[in-house]
Amino acid sequence: MTKILTQNFDKITAPTSVEEYESFSGYAGLKKAMTLATDEVLEEINTALLRGRGGAAFPMGRKWGQFVSSESDVKYIVCNGDEGEPGTFKDGMLLDKTPLAIIEGMTIAAWISGAHEGYILIRGEYRAKQDHFNEALENARKANYLGKAICGHPDFNFDIKIISGAGAYICGESSALVNTIMGKTGRPRVKPPHLAEVGLYLKPTLINNVESYSNVPYILREGGQKFLDLGTADGGGTKIISLTGHIKHPGNYEVELGTPLHEILYSQEYGGGSATGRPLKFIHFGGQSGPIGAVSRLEDTLYSYDGLWDANLAIGSGAIVVMDDSVSVIDYLVEVARFFRDESCGKCTPCRIGSLRILEMLERFAAHDVAPGELETFEKMCANVRQLSLCGLGQSIPVSMTSALKDFPEEFAACVNENLEKVEVAW
């Protein structure tokens with residue numbers, strides 16, 4: 001398996017050292033980018049078909065192209081290091097091991113766009129990582145890779161500031177993240193206008209996450225086609241997955257897109273199979289906001305964008321939470337619903353009230369306190385929350401519920417008490 005982001009992890013002794021980073025071809029991508037025209041840099045990223053690694057999977061070449069074409073005398077480069085998705089811990093690893101790759105990726109974006117200011121929001125719980133990243137920033141400035149006249153180019157001025165998050169899940173949403181950086185309440189806004197046109201301080205803003213920026217230096221250094229060849233036709237490169245749950249070898253793994261899911265779960269190189277000796281039952285993909293799939297129907301599924309989309313699943317942030325057959329899907333979903341109830345920012349009614357009502361219904365399912373006909377009420381409630389919520393958090397609340405309903409309808413049906421009369425729920 002070819003690795004891009006983690007290939008030197010066993011050799012790194014000083015992650016914030018520019019000298020050591022350069023010994024691993026660090027900053028070669030930036031130097032090459034500075035010899036190319038803007039369109040040529042964008043062409044490499046388009047060819048690579050690098051999809052955003054934060055969860056949305058939007059092609060980064062298109063996103064960068066929209067940002068570059070925005071007309072403004074001031075632009076901002078922002079990195080999302082909030083990593084609030086439960087089950088996901090790969091960005092924290094990159095902040096620890098390759099902070100200069102993140103910085104280089106952001107600097108390449110600044111070079112082609114003319115931006116002079118960058119920000120990275122790192123979640124408040126990552127306090128030590130913030131100090132670590134700040135040290136990398138200082139070393140990059142001393143080596144003339146940040147600050148004034150970068151690499152001796154008189155007009156290339158760019159620097160990065162760290163913003164500490166306050167631990168709110170909603171601040172991982174791009175517009176809520178922008179509000180946080182500006183010192184406002186971390187709540188999302190209605191779009192359009194999109195952030196590429198009206199973002200931070202009402203100026204064009206580019207936002208990608210830690211893993212996304214970390215891939216850019218490799219693409220410029222080695223070429224977009226080589227990156228694409230490591231993945232599949234629907235998405236190039238590798239993906240860092242965070243594997244947890246009832247699995248023998250939990251942890252972060254860098255896998256080529258297109259790797260069989262069965263290999264990720266059962267090979268000794270990755271998951272190693274069930275940690276409990278019991279059969280694996282279901283997988284929750286991409287964190288709490290992602291879909292759930294039964295292991296029994298995923299034997300031939302590839303871990304790729306199209307492979308999972310074809311199975312009504314998604315890569316999302318890269319989380320893969322695996323549960324064995326001792327776990328009730330209903331009980332699991334109760335915990336997911338509690339998370340969303342607690343993390344809803346409360347701005348819009350469908351999410352604020354809907355997250356609570358969904359939790360109440362699931363708790364009744366778990367108690368076998370559901371009357372005939374209320375399953376349909378639950379499905380309608382989920383559909384309304386998904387369709388009417390303002391931002392991606394509310395829209396994703398029912399994703400795990402509706403996907404579990406498709407794969408495990410019998411578990412929901414078994415919770416219906418035929419001796420109860422249907423209760424009209426005010427929601």
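This note comments on one serine and on the salt bridges of the structure above.

1. Basis of the comments. The model is predicted, so local features need pLDDT of at least 70 and side-chain atom pairs count only at pLDDT 80 or more, while totals for chains, interfaces and linings use all residues. Residues are numbered from 1 along each chain as its sequence is written, and side-chain values use heavy atoms, with hydrogens and water left out.

2. Setting of Ser242. Ser242 belongs to strand E5 (residues 238-245); helices (H or I, at least four residues) and strands (E, at least two) are DSSP runs numbered from the N terminus. Ser242 counts as buried because its relative accessibility is 0%; buried means under 20% relative accessible area, exposed over 50%, and partly exposed in between (1.4 Å probe, protein chains only).

3. Surroundings of Ser242. Contact means heavy atoms within 4.5 Å. Leaving aside residues up to four places away in sequence, Ser242 touches Gly87, Thr88, Phe89, Lys90, Gly251, Asn252, Gly318, Ala319 and Ile320. A polar atom of the Ser242 side chain lies 3.2 Å from the backbone nitrogen of Phe89, and the side chain of Ser242 also reaches the backbone nitrogen of Lys90, at 3.5 Å.

4. Salt bridges overall. The whole structure holds 20 salt bridges, each defined as a side-chain nitrogen of Lys or Arg within 4 Å of a carboxyl oxygen of Asp or Glu. Lys90, Asp91, Glu211 and Lys239 are joined in a network of such bridges.

5. Asp96 and Lys129. These two residues form a salt bridge in which the closest N and O atoms are 2.6 Å apart. The pair links distant parts of the chain, 33 residues apart: Asp96 is in helix H5 (residues 90-97) and Lys129 in helix H7 (residues 127-142). Asp96 is partly exposed at 29% relative accessible area, whereas Lys129 is buried at 15%.

6. Glu117 and Lys161. Their side chains meet in a salt bridge with an N to O distance of 4.0 Å. Glu117 lies in strand E2 (residues 117-122) and Lys161 in strand E3 (residues 159-164), so the pair ties together parts that are 44 residues apart in sequence. Glu117 is partly exposed, at 29% relative accessible area; Lys161 is partly exposed as well, at 47%.

7. Arg141 and Asp159. A salt bridge joins these side chains at 3.0 Å, N to O. The pair links distant parts of the chain, 18 residues apart, with Arg141 in helix H7 and Asp159 in strand E3. Arg141 counts as partly exposed at 25% relative accessibility, and Asp159 counts as partly exposed at 26%.

Conventions:
A polar contact is a pair of N or O atoms within 3.5 Å; within protein, one must be able to donate a hydrogen and the other to accept it, and residues adjacent in sequence count only if both atoms are side-chain atoms.
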